[in-house]
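Here is a short report on a predicted model.

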Amino acid sequence: MAQNAPRKAGRHFLQIPGPSPVPERVLTAIARQTIDHRGPDFGKLGLSVLDGMRSIFKTKGAVVIYPASGTGAWEAALANTLSPGDKVLMVETGHFATLWKTMAGKLGIETTFIGSDWRTGADAGQIEQALRADSGHTFKAVCVVHNETSTGCTSRIDEVRKAIDAAKHPALLMVDTISSLASIDYRHDEWGVDVTVAGSQKGLMLPPGLSFNAISEKALAAAKAAKLPRSFWVWDEMIAAGKSGYFPYTPATNLLYGLDEAIKMLHEEGLDNVFARHDRLAEATRRAVTAWGLDILCKDPKYYSSVLTGVVMPDGVDADAVRATILDAFDMSLGTGLSKVSKKIFRIGHLGDINDLTLVGALAGVEMGLGLANVPHSKGGVQAAMDYLAASAKKAA
Ligand SMILES: *Cc1c(COP(=O)(O)O)cnc(C)c1O
């Protein structure tokens, strides 16, 4: 930090689509003393968080927790189930889908990438077509990003499942829920997902540093035959140790304290209420963007994301300059445009531990920032959001 940086009063507005603001209760839980990870108390914590994560994934199957960012859990999903030269079908929803594809290539997997313009979710029809054309069943897996954090488009995993079934294709279904889990409805078992990948720092309201796989019986069977080299990520040792709540190596004990608390908080609010809160805040955000006369990057309402909204800047406006103006003037961080949409969009995160007034404050910062940065727009976005929030607010009985 610059030596003479003046103190900024109030709290920083962290409105990027992850990491999301960490609630006080989670921070306090993390601040407890680290315990012996081989001792009797640790097993109880381990069982509690593993069981809790099953309730969040909506699975009765195996869950593993890595002391790693989400990228690690991506690698774990691929390395545990596939062999060198295997083919997988992936969908280019945006930057994160592209990174996952690049990783698969580095691991020696052959990828077929269904292209897109980064303004929509995965098209189940195209997936079905590609699988029907693969009569020899050479695709070993279909990999889809549930919520594409770089664009603000959410894919319909139930439809992807139906497409795989309609094509009568045996490929595994692997889904990245790093930015959607605990923000948007997700059902690992019901949707027949084989490997779900998740991370701690978005909907789960934790700091970065934990990631997860939820694993089906079919994926466990595939792991027995899979030949990609793997050691740190190997599932069977983690699942064996996890049966009594322990890890094969030193776990991120303090983050697990936080995870236990975050899961408790999600259930206190009720998962359905958590999802409805995200839907409502996202709708308010879209009304603001529309009133400003700006484009939402996601062009099809079917795929609108309840986690974040990508806002397209008019031609000739540098979205990063607008973000810099807003950070300087109002101490708020917005998400940058990634790779293909760099400088063309900024992203408003509306996920995790936020409420109506957090959002109204954030939108006010954006509207004032658009003015300061001379972005052509109409006023009234914040008003449109407030009108919607007030009309749909809980009223005292
Ligand atoms: C954040 C994110 C990632 C990357 O996770 P890291 O924790 O940064 O490794 C991958 N996929 C999606 C959809 C994400 O939102």
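Seven strands build an open sheet, ordered β2-β10-β9-β8-β5-β3-β4. The pairing is mixed. β2 and β4 (110-114) are the edge strands, and each pairs on one side only. From one strand to the next, the twist averages 20°.

| Strand pair | Sense | Bridges | Opposite residues |
|---|---|---|---|
| β2 (residues 62-66) and β10 (residues 211-215) | antiparallel | five | A62 and I215 |
| β5 (residues 139-145) and β8 (residues 172-176) | parallel | five | C143 and M174 |

Helix α8 (residues 235-242) lies across β2, β9 (195-199) and β10. It runs at about 105° to β2. Helix α5 (residues 124-133) touches β3 (87-91), β4 and β5. The direction of α5 makes about 170° with that of β5.

Next, a helix pair. Helices α10 (residues 271-291) and α12 (residues 356-372) pack at an angle of about 20°, their axes 11 Å apart. An angle under 35 degrees counts as roughly parallel, so α10 and α12 are roughly parallel to each other. Their crossing is right-handed. From α10, the contact uses R280, L281, A284, T285 and A288. From α12, it uses D356, L359 and L363. Five of the contact residues are nonpolar, one is polar and two are charged.

Key:
Residues numbered from 1 in each chain as written. Predicted model: local features only at pLDDT ≥ 70, side-chain atom pairs only at ≥ 80, totals over all residues. Heavy atoms only, no water. Pairing = 2+ DSSP bridges. Helix = DSSP H or I, 4+ residues; strand = E, 2+ residues; numbered from the N terminus. Axes fitted to C-alpha atoms, helices over the stretch in contact; angles between N-to-C directions. Parallel < 35°, antiparallel > 145°, perpendicular 65-115°, else oblique. Left-handed = near helix turned anticlockwise from the far one by under 90°. Contact = heavy atoms within 4.5 Å. Nonpolar A, V, L, I, M, F, W, Y, C, P; charged D, E, K, R; others polar.
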